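Here are my notes after going through the model you sent.

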Amino acid sequence: MANEELKQANMERVIQTTVSYMQTIPIHNITREMIAHKTGLSVRSLQRYFGTLDNLMFIATKRYYQAFDECFSKEFYSRNIGDKSGLEQLRFIIESFSFLLHPDMPSILTLHQIEQYWCEPVSYT
């Protein structure tokens, strides 16, 4: 495998590992050391690939939102409701929101944690 291909494969593995951690532990508890250990890379490699942990978290956040959007859009836009009555449209919307709890759907709780990570100040004391 060429150097650039190896780098891209490693970066992808790091991003996937980060997203996996985002879904299983509180986001503020994720560290470069955890990610490096899980991927078999060094912390220095992570720094070379992504710079800061925030840069990596930004890329993983973007990836998570894309997965969420794809899953939700697939469900929501798969049906034509324009010709339905108001009650039928309301039923569809409620069913679509219940889809958020489907096991194959990215977790809305993780989305909430992501929002907290990026929007609320963190106390390091």
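1. Let me start with the salt bridge. The side chains of Arg63 and Glu12 meet in one, with 2.6 Å from N to O. Arg63 belongs to helix H4 (residues 53-76) and Glu12 to helix H1, so to speak two distant parts of the chain, 51 residues apart, linked by this pair. The structure holds 1 salt bridge, and please keep in mind that this is a predicted model.

2. How exposed are the two partners? Arg63 has 29% relative accessibility and counts as partly exposed. Glu12 comes out at 27%, which is partly exposed too. The band for that label lies between the cut-offs of 20% for buried and 50% for exposed.

3. Now the overall picture. The chain has 6 helices and 0 strands, and reading along the sequence gives α-α-α-α-α-α. Of its 125 residues, 30% count as buried. The accessible surface comes to about 8600 Å², with 55% of that belonging to carbon and sulfur atoms. As for contacts between residues at least 6 apart in sequence, 63% join residues at least 24 apart.

4. On to how helices H1 and H3 meet. The axes of H1 (residues 3-24) and H3 (residues 43-50) come within 11 Å and cross at roughly 100°, which makes H1 roughly perpendicular to H3. On the H1 side the contact is made by Lys7, Asn10, Met11, Val14 and Ile15, and on the H3 side by Leu46, Tyr49 and Phe50. Sorted by type, the residues of this contact are 6 nonpolar, 1 polar and 1 charged.

5. H3 also packs against H2. Here the axes of H2 (residues 32-39) and H3 come within 8 Å, crossing at roughly 105°. Angles from 65 to 115 degrees count as roughly perpendicular, so H2 and H3 are roughly perpendicular to each other. Arg32, Glu33, Ile35 and Ala36 of H2 make the contact with Val43, Leu46 and Gln47 of H3. The make-up is 4 nonpolar, 1 polar and 2 charged. Leu46 of H3 takes part here and is also listed in the contact with H1.

6. Which residues does Leu41 touch, leaving out those up to four places away in sequence? They are Asn10, Arg13, Val14, Ala36, Leu46 and Tyr49. Leu41 sits in the loop between H2 and H3. Despite being a loop residue, Leu41 counts as buried, at 17% relative accessibility, because the cut-off for buried is under 20%. Leu41 and Asn10 are 31 residues apart in sequence, and their C-alpha atoms are 8.2 Å apart. Two of the residues touched by Leu41, Asn10 and Val14, are listed on the H1 side of the contact with H3.

7. Leaving aside residues up to four places away in sequence, Thr17 touches Ile35, Lys38 and Thr39.

8. Last, Arg32, which is found in helix H2. Its relative accessible area is 25%, so Arg32 is partly exposed. Beyond its neighbours within four places in sequence, Arg32 is in contact with Val43, Leu46, Gln47, Gly51, Thr52 and Leu53. The C-alpha atoms of Arg32 and Leu46 lie 7.3 Å apart, and the two residues are 14 apart along the chain.

Technical notes. Residues numbered from 1 in each chain as written. Predicted model: local features only at pLDDT ≥ 70, side-chain atom pairs only at ≥ 80, totals over all residues. Heavy atoms only, no water. Helix = DSSP H or I, 4+ residues; strand = E, 2+ residues; numbered from the N terminus. Buried < 20%, exposed > 50% of the residue type's maximum accessible area, 1.4 Å probe, protein only. Contact = heavy atoms within 4.5 Å. Areas by Shrake-Rupley, 256 points an atom, 1.4 Å probe, with all protein chains shown as cover. Axes fitted to C-alpha atoms, helices over the stretch in contact; angles between N-to-C directions. Parallel < 35°, antiparallel > 145°, perpendicular 65-115°, else oblique. Nonpolar A, V, L, I, M, F, W, Y, C, P; charged D, E, K, R; others polar. Salt bridge = Lys/Arg side-chain N within 4 Å of Asp/Glu carboxyl O.
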